[in-house]
Amino acid sequence: MIKVAILGYGTVGSGVFQIIKENSNIVNEKSGEEIDIKYVLDLREFPGDPCEDVLVHDYDVILNDPEVEVVIEVMGGLHPAYEFVKSALEAGKSVATSNKELVAKYGAELIDIAISHNRNFLFEAAVGGGIPIIRPINMHITADRIQEIAGIMNGTTNYILTKMEKEGADFDITLKQAQDLGYAERNPEADIEGFDAVRKIAILTSLATEKTVDFEEIYTEGISKITSDDFKYAKAMDMTIKLIACSKMDGKRVTAFVAPMLLKEGHPLYPIQDVTNGIMVRGNMVGDIAFIGSGAGKLPTASAVVSDVVDCIRHLNTSTTIQWKAEKQELEDFSFSKKKFFVRTKAGKDKVRDVFKDVEFVDAGIDGEIGFVTSVMSESDFKAKAGTLGVISRIRLDD
Ligand code: HSE
């Protein structure tokens, strides 16, 4: 029998508890051991809940219990999650976590501590919720040089953009509806401004490059400025708008960004709707691989966490090979990155042609402005030209 402890009995923690109990036959058989939840740590009380018998309020009870072999950190936030996880690994326990903030900030250090103790620090649920993506990048796509990772990695924003497209509604109203339905947080900034997605692409890019990508150095733009008029133009171009997190690896040159993008019908991420996530990985031998599924939610996320618990138990005294070193991965200056841009302006067509030369105009039937798509140009070149012209808004194209 293997004893485990769950840190945090919120949405994901209670899902982990439920899966280990409800799917006990499956998870016990797959791990080759009976999994026993010895402790649940939470500051709150849960009268009448099945966790009541194993609920503790003091982390030291878990840390100092040598019987606990796997700690499941599903509290979220950086502190005290970091201190709890670090001390658990140093005490010779393996850790499974869903905490993307923790992994993006301290991933390399915690992996290093786990390896030096022949234990594991696993975080499948930190990116893409229930979609297997960490293990495939780390353990399966190992014959390739990963050239690109691009995906819809945030369910909340994809839900909002899908509703805006379908209902022609504006951002603020759609966000309010998403909050009322419990899809979006009361404080939605991390999702809508791209701060959640940027941590996820930083984690995946760190795994692909095996060095540490600092998420704070990645260009990040959210969806709060996208309007119903933008969707009218998207429709006129047979396109849709998605929040894309992307990194490209070209030898030593690595670029990364999070931004709303216009995608053509036929693009692999075009049909990804609502809270679903979709992640594309391009290897130089295997080509393109797509991972699609529930990127958030209690049971999908908990399912990924429990799969890590099974993996920890299968490899109790040996580290599985997560390659991610503390050495910093330098990123290319985003201002050199090149794309086409869709632009809305009140300037006339002659002035647009004067400034941008080769453009395609788009008619969405909106009075008092025109839309156009530029040729491929760098971010810095675009910024200079847009300054001369005066623009209402712009969205990058991924075509
Ligand atoms: N807030 C996140 C999302 C949860 O909407 O995708 C999963 O990380």
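Trainee: So a pocket is an open set of points on a 1 Å grid with protein on both sides within 12 Å along at least five of seven lines; about how much space lies in the largest pocket here?

Mentor: Bearing in mind that this is a predicted model, the largest pocket holds about 1,100 Å³ of space. It is lined by 40 residues, and those closest to its centre are Val12, Lys100, Glu185, Asp196 and Ala296.

Trainee: Which elements give two or more residues to that lining?

Mentor: They are α1 (11–22), α5, α7, α9 (189–192), α10 and α12 (298–314), and of these α10 gives the most to the lining of the largest pocket, with 4 residues.

Trainee: And how does the lining of the largest pocket split by class?

Mentor: It has 18 polar residues, 13 nonpolar ones and 9 charged ones.

Trainee: Where does the ligand sit?

Mentor: The ligand sits in that largest pocket, where it is surrounded by Lys100, Asn154, Gly155, Thr156, Asp191, Asp196, Lys200, Gly295 and Ala296.

Trainee: What lies 2.6 Å from an oxygen atom of the ligand?

Mentor: That is an N or O atom in the side chain of Thr156. At Gly155, a polar backbone atom is 2.8 Å from an oxygen atom of the ligand, while at Asn154 an N or O atom of the side chain is 3.5 Å from a ligand oxygen, and a pair of that kind counts as a polar contact if the atoms are within 3.5 Å.

Trainee: How much of the ligand does the protein bury?

Mentor: Taken alone the ligand exposes 260 Å², and the protein buries 80% of that.

Trainee: Changing topic, what about the second largest pocket, how much space is there and which residues are closest to its centre?

Mentor: About 450 Å³ of space lies in the second largest pocket, and among its 23 lining residues, Lys248, Thr255, Ser337, Lys338 and Lys339 are the closest to its centre. Its lining has 11 charged, 9 nonpolar and 3 polar residues.

Trainee: Which strand gives the most to that lining?

Mentor: β9 does, with 5 residues; the elements that each supply at least two residues to the lining of this second largest pocket are β7 (146–152), β9 (239–250), β10 (253–264), β13 (338–339) and β18 (393–398).

Trainee: What lines the second largest cavity?

Mentor: Its lining residues are Ile111, Ala114, Ile115, Arg119, Asn120, Phe121, Leu122, Ser319, Thr320 and Ile322, around about 50 Å³ of space. The largest share of that lining, 3 residues, comes from α5.

Trainee: How do the two cavity linings divide by class?

Mentor: The largest cavity has 5 nonpolar, 3 charged and 2 polar lining residues, whereas the second largest cavity has 6 nonpolar, 3 polar and 1 charged.

Conventions. Residues are numbered from 1 along each chain as its sequence is written. This is a predicted model: local features need pLDDT of at least 70, side-chain atom pairs count only at pLDDT 80 or more; totals for chains, interfaces and linings use all residues. Side-chain values use heavy atoms; hydrogens and water are left out. A residue is near a molecule or strand if one of its heavy atoms lies within 4 Å of it. A polar contact is a pair of N or O atoms within 3.5 Å; within protein, one must be able to donate a hydrogen and the other to accept it, and residues adjacent in sequence count only if both atoms are side-chain atoms. Accessible areas come from the Shrake-Rupley method with a 1.4 Å probe; for residues, only the protein chains shown count as cover. On a 1 Å grid over the protein atoms alone, a cavity is a set of points where a 1.4 Å probe fits but cannot get out, and a pocket is an open set with protein on both sides within 12 Å along at least five of seven lines; lining residues have an atom within 4 Å of a point. A molecule sits in a cavity or pocket if more than half of its atoms lie within 2 Å of its grid points. Ala, Val, Leu, Ile, Met, Phe, Trp, Tyr, Cys and Pro count as nonpolar, Asp, Glu, Lys and Arg as charged, and the others, Gly among them, as polar. Grid points are joined across faces, edges and corners, and a volume is the space filled by probe spheres set on the points.
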